[in-house]
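Hi everyone, thanks for making time this morning. I'd like to walk you through one model, so please have a look at the screen.

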Amino acid sequence: MTVLEMRDVRKDYPGARALDGVDLDVERGEIVAVLGPNGAGKTTAFELVLGLVRPTSGTVRVLGERPGGRVRTRVGAMLQSAGLPEQTTVREVVRLVGRAYPQALDTDDVLARTALTKRASRTVTSLSGGERQRLLLAMALVGAPELLVLDEPTAAMDVASRRTFWDQARASVHDGATILFATHDLAEASTVADRVVVVADGRIVADTTADALTHHGREDLEEVFLALVAESSSAVDEGDDS
Ligand SMILES: Nc1ncnc2c1ncn2[C@@H]1O[C@H](COP(=O)(O)OP(=O)(O)OP(=O)(O)O)[C@@H](O)[C@H]1O
């Protein structure tokens, strides 16, 4: 089953073309990493999937429906811009988010899964950066989503927290979810994802399996990535000149 379908999607902002003809299909159970330099269009793509912004042209379908609307209760998200109620306790935040979803999981189970049980009675403001990220994951998981959209979810995490994080995320895939996540970490992309999509200047410049990438050494991997991005920006420059 196709969980996400993007067809020739363009998104223009005043003075910026954030996405420029993106085609992407994601099937149920896939873990797809989205890589790309700053400003490539990753966050814009995720905002389209969540229905937070509309495409300038092209179509986006999530679980066969237009994003936003009623399908929103079948999608869990972690966004970089997420604001949190700082004076509320961790347990209360997760419980309140769960109330918005028809199939919500038990709050304490979700706190246990995200290693937040010991922090449950603390206020959000007292959490460390990594704990905050885990709370965002708990908020994304509590609705038992079929699609998880995670924008740089492990950016603030240490090695052990990352491992716990991905163990939990994988468990949700085992339960039938699909994951689309952005990262700047090539090693994370190639170890966690089944598939790696590279975005540069609003276009998909590579869509490959993680296995294909892991045949390269780490330095080779960085070279491959930088070469793809450089090729894409020289193509754009040539296009601008004509
Ligand atoms: N609300 C907005 N108004 C104007 N321009 C925007 C807006 N949102 C994004 N852009 C522009 O669209 C392009 C893509 O931005 P986007 O945030 O999607 O990139 P990104 O790949 O997520 O980058 P990063 O890795 O830095 O998070 C950039 O040129 C950005 O400046």
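Let me start with a term I'll need: a residue is called buried if 20 or more other C-beta atoms lie within 10 Å of its own, exposed if 12 or fewer, and partly exposed in between. Keep in mind, too, that this is a predicted model. The chain averages a pLDDT of 89, and 93% of the residues score at least 70. For the complex, the predictor gives an ipTM of 0.96 and a pTM of 0.90.

Now, with that term in hand, take Val-149. Val-149 has 25 other C-beta atoms within 10 Å, so it is buried. You'll find Val-149 in strand β6, residues 147–151. Which residues does Val-149 touch, leaving aside its neighbours within four places in sequence? The contacts are Phe-46, Val-49, Leu-50, Val-75, Ala-77 and Leu-180. Val-32 sits 117 residues away from Val-149 along the chain, and their C-alpha atoms are separated by 9.8 Å.

Next, the ligand. The residues around the ligand are Tyr-13, Ala-16, Ala-18, Gly-36, Asn-38, Gly-39, Ala-40, Gly-41, Lys-42, Thr-43 and Thr-44. Two elements, β2 (16–27) and α1 (42–49), each give two or more residues to that shell. The largest share, three residues, comes from α1. Sorted by class, the shell has four nonpolar, six polar and one charged residues.

On to a sheet. Three strands form an open sheet in the order β2-β1-β4, with antiparallel pairing. Strand β1, residues 2–13, pairs with β4 over five antiparallel bridges, and Leu-4 stands opposite Val-62 in β4.

Last, two backbone details. Ala-115 has a phi near 55°, a positive value in a residue other than glycine. Ala-115 lies in the loop between α3 (107–113) and α4 (129–141), and with 19 other C-beta atoms within 10 Å it is partly exposed. Asp-201 is not a glycine either, yet its phi is positive at about 50°. Asp-201 is in the loop between β8 (195–200) and β9 (203–209). Is Asp-201 buried or exposed? Asp-201 has 21 C-beta neighbours inside 10 Å, so it counts as buried.

Note on methods: Residues are numbered from 1 along each chain as its sequence is written. This is a predicted model: local features need pLDDT of at least 70, side-chain atom pairs count only at pLDDT 80 or more; totals for chains, interfaces and linings use all residues. A residue is near a molecule or strand if its C-beta atom, placed from the backbone, lies within 6 Å of it. Helices (H or I, at least four residues) and strands (E, at least two) are DSSP runs, numbered from the N terminus. Ala, Val, Leu, Ile, Met, Phe, Trp, Tyr, Cys and Pro count as nonpolar, Asp, Glu, Lys and Arg as charged, and the others, Gly among them, as polar. pLDDT is the predictor's confidence in each residue, from 0 to 100. Two strands pair if DSSP finds at least two bridges between them. Two residues are in contact if their C-beta atoms, placed from the backbone, lie within 7 Å.
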